[in-house]
Amino acid sequence: MMIEFALAADEAEHIDAVTALFTHDGSFTVGGESHCGADDIGRYLQGARDGGFAGPDANTRHLVTNCTATLHEDHEASGRSEWMLVGSAHGENSAPVILASGQYHDRYRRVDGRWFISERKVLS
């Protein structure tokens, strides 16, 4: 889930591919503001895409590294990873630069045999 989120945020044509990674009651917290449920999370992420921070046409890429995960029960886990947003600050053909970086602190839940993000906190 750590990396699937970044891939979907950067490459998926529709934001639904990103929100589908969350449980129905999932939350996404960034900048101290929480977004709950697919519709609310989708609105926030679409706004980020509209601002050029993600999506297939954004000329950016989320890189995720230093991933750790801990299984707490058969159906619950937590994880932490480091992220960087890289892009071309001076046009499409310029060298990539780090635009932002931080950590993801996650909670995961297995539903019907499949893992979903139940909570993601973005720290920068």
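## Arginine over aromatic rings

In this predicted model, Arg120 lies over the face of Phe5, 4.7 Å from the ring centre. Arg120 also lies over the face of Tyr104, where the distance to the ring centre is 3.7 Å.

Phe5 and Tyr104 both belong to one aromatic cluster, together with Phe22, Phe28, Tyr44 and Trp83.

## Aromatic pairs

The count of aromatic pairs comes to 6. In one of them, the ring centres of Phe22 and Phe28 are 6.1 Å apart and the planes stand at 90°, so this pair is edge-to-face. Both Phe22 and Phe28 are buried.

Another pair is formed by Trp83 and Tyr104, with ring centres 6.0 Å apart; the planes are at 25°, under the limit of 30 degrees, so the pair is stacked. Because Trp83 lies in strand β4 and Tyr104 in strand β5, the pair ties together parts that are 21 residues apart in sequence. Trp83 and Tyr104 are each buried.

## The largest pocket

The volume of the largest pocket is about 430 Å³. Its lining consists of 23 residues, and those nearest the centre are Val30, Tyr44, Ala48, His62 and Trp83.

Several elements contribute at least two residues each to the lining: α1 (2-11), β1 (22-30), α3 (37-50), β4 (76-87), β5 (97-111) and β6 (114-123). By residue type, the lining comprises 18 nonpolar, 4 polar and 1 charged.

## Positive phi in two loops

Most residues other than glycine have a negative phi. Asn59 has a positive phi, near 60°. This residue is found in the loop between α3 and β3 (60-73). The relative accessible area of Asn59 is 37%, a value between the limits of 20% and 50%, so Asn59 counts as partly exposed.

Asp112 likewise has a positive phi, near 50°, and is found in the loop between β5 and β6. Its relative accessibility is 81%, so Asp112 counts as exposed.

## Confidence of the model

The mean pLDDT of the protein is 93, and 97% of the residues reach 70 or more. Confidence is lowest in α1, with a mean of 93, and highest in strand β2 (residues 33-36), at 98. Where pLDDT is low, the predicted coordinates should not be read in detail.

Methods. Residues are numbered from 1 along each chain as its sequence is written. This is a predicted model: local features need pLDDT of at least 70, side-chain atom pairs count only at pLDDT 80 or more; totals for chains, interfaces and linings use all residues. Side-chain values use heavy atoms; hydrogens and water are left out. On a 1 Å grid over the protein atoms alone, a cavity is a set of points where a 1.4 Å probe fits but cannot get out, and a pocket is an open set with protein on both sides within 12 Å along at least five of seven lines; lining residues have an atom within 4 Å of a point. Grid points are joined across faces, edges and corners, and a volume is the space filled by probe spheres set on the points. Helices (H or I, at least four residues) and strands (E, at least two) are DSSP runs, numbered from the N terminus. Ala, Val, Leu, Ile, Met, Phe, Trp, Tyr, Cys and Pro count as nonpolar, Asp, Glu, Lys and Arg as charged, and the others, Gly among them, as polar. Rings of Phe, Tyr and Trp (its six-membered ring) pair if their centres lie within 6.5 Å; planes under 30 degrees apart count as stacked, over 60 as edge-to-face and the rest as tilted. Buried means under 20% relative accessible area, exposed over 50%, partly exposed in between (1.4 Å probe, protein chains only). A charge sits over a ring if NZ of Lys or CZ of Arg is within 6 Å of the ring centre and within 35 degrees of the ring normal. pLDDT is the predictor's confidence in each residue, from 0 to 100.
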